[in-house]
Amino acid sequence: MADRIREKMNQLRLEADESAQKVEELQAKVKALEQENLAKEQEITSLSHKNGLLEAENEKMDTTIKDLKKAADEGLQHGTHNETLQRRLQLLEEEAEEADKTLRETNEKLRQTDVKAGHFERKVQALENERDQWEAKYEEMAKKHQALQKELEDLQNEIGNI
């Protein structure tokens, strides 16, 4: 019976050793799992932080996209406004060219008119000189005519007195 008790005790010791060894293995597993859990929690924290940064970056990009779309719309409006201004500028340039052409034509006509006016002024001057000559001749002829008339009257009086 003592052998049986010893055997039972040995068996219990073996079971206790096995249990202690199993407890140690399980404690090591628990420790490993706790470390793994801690690493996972740190990874979760890190990924949460990265996620927060990415969300902030995403919001920034959304804002940037909105700003760029707004700028593109404004650019399109400015482009349309710019095209309108370009057309107006082109029309004004065409009008300026037309006005310049008209001005050149008018200046040419004015120059021609000045030349003609000078020509006609010389012609008028020549005609006035010719008129003055004719008037002088007329006055001279009128004096000669009066003188001849007087001579004729004197001659008639003399003939009449004869």
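Here is a chat about a predicted model and some of its side chains.

Biologist: Okay, where does Leu12 sit?

Modeller: Remember that this is a predicted model. Leu12 is in helix α1, which covers residues 2-161.

Biologist: Is Leu12 buried, exposed or partly exposed, and why?

Modeller: Leu12 counts as partly exposed because its relative accessibility is 47%, and the buried label needs under 20% while the exposed one needs over 50%.

Biologist: Which residues make the nonpolar surface patch with Leu12?

Modeller: Met1, Ile5 and Met9 make the patch together with Leu12. The area comes to about 450 Å².

Biologist: Switching to charges, how many salt bridges are there?

Modeller: The count comes to five salt bridges. In general, side chains of opposite charge can pair when their charged atoms come close.

Biologist: What does Asp100 form a salt bridge with?

Modeller: With Arg104; the closest N and O atoms are 2.5 Å apart.

Biologist: And how are Asp100 and Arg104 placed in helix α1?

Modeller: They're four residues apart, about one turn of the helix. Asp100 itself is partly exposed, since its relative accessibility is 37%.

Biologist: Which residues are linked with Arg131 in a network of salt bridges?

Modeller: Asp132 and Glu135 are linked with Arg131 in that network. Between Arg131 and Asp132, the closest N and O atoms are 3.0 Å apart. The salt bridge between the side chains of Arg131 and Glu135 is 3.7 Å, N to O.

Biologist: What separates Arg131 and Glu135 along helix α1?

Modeller: About one helical turn, because they're four residues apart in helix α1.

Biologist: New topic: rings. How many aromatic pairs does the count come to?

Modeller: Zero aromatic pairs.

Biologist: Then what lies over the face of Trp134?

Modeller: Lys137 does, at 5.1 Å from the ring centre.

Biologist: Last one, Lys116. Is it buried or exposed, and why?

Modeller: Lys116 is exposed because its relative accessible area is 52%, and the label needs over 50%. Lys116 lies in helix α1.

Biologist: How far apart are Lys116 and His78 in space?

Modeller: They're 55 Å apart, C-alpha to C-alpha, and 38 residues apart in sequence.

Conventions:
Residues are numbered from 1 along each chain as its sequence is written. This is a predicted model: local features need pLDDT of at least 70, side-chain atom pairs count only at pLDDT 80 or more; totals for chains, interfaces and linings use all residues. Side-chain values use heavy atoms; hydrogens and water are left out. Patches are made of residues with over 30% relative accessible area and no salt bridge: like charges are joined within 9 Å, nonpolar side chains (Val, Leu, Ile, Met, Phe, Trp, Tyr) within 5 Å. Accessible areas come from the Shrake-Rupley method with a 1.4 Å probe; for residues, only the protein chains shown count as cover. A salt bridge is a side-chain nitrogen of Lys or Arg within 4 Å of a carboxyl oxygen of Asp or Glu. Helices (H or I, at least four residues) and strands (E, at least two) are DSSP runs, numbered from the N terminus. Buried means under 20% relative accessible area, exposed over 50%, partly exposed in between (1.4 Å probe, protein chains only). Rings of Phe, Tyr and Trp (its six-membered ring) pair if their centres lie within 6.5 Å; planes under 30 degrees apart count as stacked, over 60 as edge-to-face and the rest as tilted. A charge sits over a ring if NZ of Lys or CZ of Arg is within 6 Å of the ring centre and within 35 degrees of the ring normal.
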